[in-house]
Amino acid sequence: MTKKIMIVGVGGQGTLLASRILGNTVINEGYDVKLSEVHGMSQRGGSVVTYVKYGDKVYSPIIDEGEADIILAFEMLEAYRAMPYLKKDGVMIANTQKMDPMPVITGAMEYPQDIAEKMSKKINLVTVDALSLAQKAGNVKSVNVVLIGVMAKNTDIAYEKWVETIKKTVPEKFLEANLKAFEYGYNL
Amino acid sequence: MKKLMLGNAAVARGAYEAGATVVASYPGTPSTEITENIVKYDEIYAEWSPNEKVAGEVAIGASIGGARAMSCMKHVGLNVMADPVFTASYTGVNGGLVFCVADDPGMHSSQNEQDSRHYAKAAKLLMLEPSDSSECKEFTKKAFEISEQFDTPVIVRLSTRVSHSQGLVEECERVDYQLKEYEKNIAKFVMMPGNAIKRHVVVEERTQKEIEFAETTDLNVCEINDSKIGVITSGISYMYAKEALGDRVSYLKLGMVYPLPEKLISDFCKKHETVYVIEELDPFIEEHCKVLGLDVIGKEKFTMLGEYTPEMIKKVIFNEDKNACEKAEEAIPVRPPVMCAGCPHRATFYVLKKLGLVVSGDIGCYTLGAVAPLASVDSTICMGASVSAAMGMAKARGAEFNKKLVSVIGDSTFIHSGITGLIDIVYNKGNNTVIILDNSITGMTGHQDNPTTGFTIRKEPTKQVDLELLAKAVGIERVVVADPFDLKNFEKVVKEEVEADEPSVIIAQRPCALLKTVKYTGHCKIGDNCKNCKLCMKLGCPAISVKDGKVCIDETQCNGCGLCINVCPFGAITKED
């Protein structure tokens, strides 16, 4: 059975690193893996979507609506936008951070109210204040690793395996904060 | 052990393993990472060329010189490279020669959705199409061998989802490739009519041999599962079809998409009651089938627009409905890409918008100058067109209109193909104002060096093209260098230059805010003397928004560039550490 995970956020939030940590952890488990990223425009504060799929044999690198086992959302509006991709018994893990997109900044549209309440009526939602946890861990940029921690708990891959990949992926000087960040997320 | 690798990185690995020693490219999404990954291999000479035509010619020259060589580009880059490519088809190769082109179905970051397979047919070049990272490596390696086997350049065609997906790749040793002997061969390499006429005969004979090869090569794979439905497909579409339909149908997966086999396809069709052709973009394989008189179903059921999905394929072939899903009951604001906080282009467009100028735009981060609230750019066609199209507009509408018209073009794009337009303006007595947005880097594709940065692809210091001297050398007498963040002066300069009765170049100089050498500190803050005039909102800075009716600055997004301080007429914005 192929496991399908979607990571969504805003360009610059570190979603790519998160998907690579995830990808490298699952290959060490002996799975076939595919990851799909879209580069280019994504750096410049636009919506960013990454798909990670793993299992015995993975063909398509993309995920259709109603298919994702887990959606890891780095921002509330992006969580809301990605909601249709979640399968019926899937789980959405959403960072409570909010970032205004340009139509909201210019006043053309409003940032939807009470997204978490609205989503939790429809789907299985876990919200995380990853920014505070990242601050507590000593590096605000470790938001992505906090979220990876929360997600890791929802997979059947052992804690140590994740730690192993983080050690290989994250630069030495940020490692301590990132390992803490992972732990906070995992033990939430 | 297998490694998780981006499709583009796998192409680079394939070239490395094949023993390639020269790779020349111009960056373009989604192809850029191929050449960036080539840099990891010290055995290969790599360069960012000024444009794709130069890149292609460097690769062709390296092949004539006996090396295995490659040039990589995005689909529209192949348009720029097309001239040498068509004739290289006639000359053939010495060392193996591969052109790797990445299409962008869905236009994730492109100005059109062209299908590069038509180039293979038009230039009579063999084309391979991998469908995942593992095949990216294998097919690229094979492309070099085939190139030498048939004495032809080979095109490897990718698409965004293949280029930018990661999959498992098994690494192998690099082959010990020895340079082919270089021998003067005028009949083969000097394409003047007398020789080219003879070479065309060779090309047609070669294509016939390639068709025979297509019938038997293991690049084309038949997978028989079911006698009722057959699917002919290639590239990423194979992966979508396989995911959607599994073993319920048979497949003819074409790894070689030009020239296409005839017997293989006919035999496959005969074995199945219904045959679908599943291919993104144009009906390239489908038309081939129809010319062979085969009854296949293609674009009458599948769209020519955008990317396919497994779900879409399942719906067409088995009429199976989409998965159930939960949708929001309200409109969700889109989140388009924006110029980053601290972007130097923001200041330029703020001034152009304020002056109400018509802006002939170009390809780069600054294309975002067309987006609200700046909404300053009037047209964007292709790289370099900002300069030449403005010349045409001015010739069409006359001198008064020209005083309201500017071109904007990035430093790398100017070198790519803006310089020729500028020469046109000088030579044909144009009177345009061209603003070169010199941000010290090729920004859009993720910070590649270019001839104006002073560094090579391997970060070795090199001669730096001086844009000011270059503009002067082609005959522009009015060349002004100005910092767009000095809004007052920049506005004055633009006003003066559009008014002037001779052509002019303004070099808007300020580095990209994402460069490591750029060190803005602190963040901006709005004080109590804010009159809420919202002038700063006109900058379209992602850090500035209105909360509860009051303008405020998001500290986590602000990088302290200070542009808003220069805009505020009341001095209400200050900087904090």
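1. What covers the buried residues of helix α12 of chain B includes α5 (117-123), β10 (229-233), β11 (250-254), β12 (256-258), α11 (263-270) and β13 (274-278) of that chain, where buried means under 20% relative accessible area, exposed over 50% and partly exposed in between, with a 1.4 Å probe and protein chains only. The buried residues in question are Phe284(B), Ile285(B), Glu286(B), His288(B) and Cys289(B). Helices (H or I, at least four residues) and strands (E, at least two) are DSSP runs numbered from the N terminus, and α12(B) is followed by Gly293(B), whose phi is positive, near 80 degrees.

2. Some conventions apply to every point of this note. This is a predicted model, in which local features need pLDDT of at least 70 and side-chain atom pairs count only at pLDDT 80 or more, while totals for chains, interfaces and linings use all residues. Residues are numbered from 1 along each chain as its sequence is written, chains are lettered from A and ligands numbered from 1 in the order in which they are written, and side-chain values use heavy atoms, with hydrogens and water left out.

3. Glu286(B) lies in α12, residues 284-291 of chain B, and is buried, with a relative accessible area of 6%. The side chain of Glu286(B) makes a polar contact of 2.7 Å with the side chain of Lys290(B), and a polar atom of the Glu286(B) side chain lies 2.8 Å from the backbone nitrogen of Lys299(B). A polar contact here is a pair of N or O atoms within 3.5 Å; within protein, one must be able to donate a hydrogen and the other to accept it, and residues adjacent in sequence count only if both atoms are side-chain atoms. Not counting residues up to four places away in sequence, Glu286(B) touches Val277(B), Glu279(B), Val296(B), Gly298(B), Lys299(B) and Glu300(B), contact meaning heavy atoms within 4.5 Å.

4. Asn79(B), by comparison, has its place in helix α4, residues 75-91 of chain B, and counts as partly exposed at 32% relative accessibility. Its side chain is joined to that of Tyr119(B) by a polar contact of 2.5 Å, and, leaving aside neighbours within four places in sequence, Asn79(B) is in contact with Gln114(B) and Tyr119(B). The C-alpha atoms of Asn79(B) and Cys289(B) are separated by 27 Å, the two residues being 210 residues apart along the chain.

5. Why can helix α14 of chain B, residues 344-354, be described as largely enclosed by the rest of the structure? Of its 11 residues, 9 are buried, so the description follows from that count. The buried residues in α14(B) are Pro344(B), His345(B), Arg346(B), Ala347(B), Thr348(B), Phe349(B), Tyr350(B), Val351(B) and Leu352(B). The helix is followed by Gly356(B), whose phi is positive, near 65 degrees.

6. The backbone of chain B deserves a check at two cis peptide bonds. One joins Thr29(B) and Pro30(B), with omega about 10 degrees, and Pro30(B) sits in the loop between β2 (22-25) and α2 (32-38). Another joins Tyr258(B) and Pro259(B), with omega about -10 degrees, and Pro259(B) belongs to the loop between β12 and α11 of chain B.

7. Positive phi values also occur in residues other than glycine. Met107(B), which is not a glycine, has a positive phi of about 45 degrees; the residue is in the loop between β5 (97-103) and α5 of chain B and is partly exposed, with a relative accessible area of 36%. Ser440(B) has a positive phi near 70 degrees, lies in the loop between β17 (433-438) and α18 (467-473) of chain B, and is partly exposed at a relative accessible area of 31%.

8. Turning to chain A, there are 8 helices and 6 strands, and from the N terminus on the elements run β-α-β-β-β-α-β-α-α-β-α-α-α-α. Its radius of gyration is 16 Å, close to the 16 Å that the globule rule gives for 188 residues, so chain A is as compact as a globular protein of that length; the radius is taken over C-alpha atoms, and the rule is 2.2 Å times the number of residues to the power 0.38. Buried residues make up 61% of the 188 residues in chain A, and residues 24 or more positions apart account for 62% of the chain's contacts with a separation of 6 or more.
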